[in-house]
Amino acid sequence: SGKPADMYGVTQDITDFKRLQEELIGAKEIAEDATKAKSDFLANMSHEIRTPMNAIIGLSHLALQTALTPKQREYVSRVHRSAQNLLGILNDILDVSKIEAGRLTLENVPFRLADVLENLASVISPRASEKEVELLVTADRDVPQDLVGDPLRLGQVLLNLAGNAVKFTEKGEVVIRAILAEETAERVLMR
């Protein structure tokens, strides 16, 4: 009969590894709870701030429809534009919190492209004028005007792009132009 075989074994204490794993899971849960709490806080605060901001925008718009001296018109116009800009910043903050919480959804509502472009021009024009940069906002004739989508998000994207274009243009012009790229019975692709 042969000689008995030698047996070898390796042991490793994984207690520290298990404890570290549990701590990481706990830290992840705390971070997720903190992100949700921040998102909820921002959502609530943005609602509280939006109400007076909408009142300022609405009332300043009405004031601009009345007889004002040129100086009064300039002041009220600045208030109106500043309130719109502040509301835009607020919407951006809220969108970031929604993205972090995984709750950002795009709207699907009827809107007119001309309204989005006019709003863009009214917000960006003063910035361009201050820098003496010419601003041109236009849409080709074949671009459909009546659309269904998310006008707020479209406006935010265009505002960010146009704002950066004006910010980094020292002289000359900034052109925002809508071009029809593709069209089917159900959808349009624009550039």
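Predicted model: local features only at pLDDT ≥ 70, side-chain atom pairs only at ≥ 80, totals over all residues.
Residues are numbered from 1 along each chain as its sequence is written, and side-chain values use heavy atoms, with hydrogens and water left out.

Let me start with the fold. The chain has four helices and six strands, where helices (H or I, at least four residues) and strands (E, at least two) are DSSP runs numbered from the N terminus. Read from that end, the order of the elements is α-α-β-α-β-β-α-β-β-β. Of the 191 residues, 24% count as buried, a word that here means under 20% relative accessible area with a 1.4 Å probe, protein chains only.

Now to the cores. A nonpolar core is a set of buried Ala, Val, Leu, Ile, Met, Phe, Trp, Tyr and Cys residues joined through side-chain atoms within 4.5 Å. The largest one holds 17 residues, and Leu113 and Leu120 touch the most other members. At least two residues of this core come from each of α3, α4 and β4, and α3 supplies the largest share, six residues. Apart from it lies another core, of five residues, including Met53 and Ile57.

Which residues line the space that is left open? A pocket, on a 1 Å grid over the protein atoms alone, is an open set of points where a 1.4 Å probe fits, with protein on both sides within 12 Å along at least five of seven lines, and lining residues have an atom within 4 Å of a point. The largest pocket has about 610 Å³ of space, a volume being the space filled by probe spheres set on the points, which are joined across faces, edges and corners. It is lined by 20 residues, and closest to its centre are Phe111, Leu147, Leu154, Val188 and Met190. β3 gives the largest share of this lining, four residues.

The second largest pocket, of about 390 Å³, is lined by 16 residues, with Gln84, Gly88, Asn91, Asn119 and Leu152 nearest its centre. Here α4 gives the most, with five residues.

Methods: Buried < 20%, exposed > 50% of the residue type's maximum accessible area, 1.4 Å probe, protein only.
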